Amino acid sequence: MSSPSSRPAIGLRRRRFVIERPVDEPDGFGGSLRRYVDGPVVWGAINPVSTSERLRGGRSDMVATHRITLRARSGVAPPMRLAAGSRRFAVRSVSDPDEGGRDLVCEVEEILQETGP
């Protein structure tokens, strides 16, 4: 069992996140379009984990991964997103690190918005 010092103190959970839930709708051509709708507001702590470079569409993109710790709650899972202001984070995995039902740790990838020239 982990010690209390291994969890973020409640005061560190000062970042406001909105849980965004995916909604798939028909696109009229036999496929579907995914949009995200705002869900509940939660407070959490965010810590950067790593950055890596990926080749996408013939170009190199930087991908930043983070660990976001929230108070435990049910229903958070991939492919949901967490939003903090204008930043969006795709949830890749969710775990309860000490299985105590107190914390929910989300491994996320930051979704970088493309800007025009």
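Two rings of Phe, Tyr or Trp count as an aromatic pair if their centres lie within 6.5 Å, and planes over 60 degrees apart make such a pair edge-to-face. The legends below describe close-up views of a predicted model.

**View 1. The aromatic pair of Phe-17 and Phe-89.** A search of the whole structure finds 1 aromatic pair. Phe-17 and Phe-89 form this pair, with 6.4 Å from centre to centre and 70° between the ring planes, an arrangement that is edge-to-face. Because Phe-17 belongs to strand 1 (residues 15–26) and Phe-89 to strand 5, the pair ties together parts of the chain that are 72 residues apart in sequence. Phe-17 is buried, with a relative accessible area of 0%, and Phe-89 is likewise buried, with a relative accessible area of 0%.

View 2. The chain has 0 helices and 6 strands, and its pattern, read along the sequence, is β-β-β-β-β-β. Of its 117 residues, 28% count as buried. The largest nonpolar core has 15 residues, and those with the most contacts inside it are Phe-17, Ile-68, Leu-70, Leu-82, Phe-89, Cys-106 and Val-108. Two or more residues of this core come from each of strand 1, strand 2 (32–56), strand 3, strand 4 (81–84), strand 5 and strand 6, and the largest share, 3 residues, comes from strand 6. In soluble globular proteins, nonpolar side chains tend to be buried together.

**View 3. The largest pocket and its lining.** The largest pocket has a volume of about 230 Å³. Its lining consists of 12 residues, of which Arg-56, Asp-61, Glu-110, Ile-111 and Leu-112 lie nearest the centre of the pocket. The elements that give two or more residues to this lining are strand 3 (59–71), strand 5 (87–95) and strand 6 (103–111), and strand 3 gives the most, with 4 residues. By class, the lining has 5 nonpolar, no polar and 7 charged residues.

**View 4. Arg-81 and the ring of Tyr-36.** In this view the charged end of Arg-81 sits over the ring of Tyr-36, at 3.8 Å from the ring centre.

**View 5. Backbone geometry in two loops.** Most residues other than glycine have a negative phi, and most peptide bonds are trans. Pro-78 and Pro-79 are joined by a cis peptide bond, for which omega is about 10°, and Pro-79 lies in the loop between strand 3 and strand 4. Glu-99, although it is not a glycine, has a positive phi of about 55°, and this residue is found in the loop between strand 5 and strand 6. Because exposed means over 50% relative accessible area, Glu-99 counts as exposed at 73% relative accessibility.

View 6. Ile-46 is found in strand 2. With a relative accessible area of 19%, Ile-46 is buried, because the cut-off for that class is under 20%. The C-alpha atoms of Ile-46 and Arg-15 are separated by 7.5 Å, although these two residues are 31 residues apart along the chain.

Technical notes. Residues numbered from 1 in each chain as written. Predicted model: local features only at pLDDT ≥ 70, side-chain atom pairs only at ≥ 80, totals over all residues. Heavy atoms only, no water. 1 Å grid on protein atoms, 1.4 Å probe; cavity = no way out; pocket = protein on both sides within 12 Å on 5 of 7 lines; lining within 4 Å. Points joined across faces, edges and corners; volume = space filled by probe spheres on them. Nonpolar A, V, L, I, M, F, W, Y, C, P; charged D, E, K, R; others polar. Phe/Tyr/Trp six-rings, centres within 6.5 Å; stacked < 30°, edge-to-face > 60°. Buried < 20%, exposed > 50% of the residue type's maximum accessible area, 1.4 Å probe, protein only. Lys NZ or Arg CZ within 6 Å of the ring centre and 35° of its normal. Core = buried A, V, L, I, M, F, W, Y, C linked by side-chain atoms within 4.5 Å.
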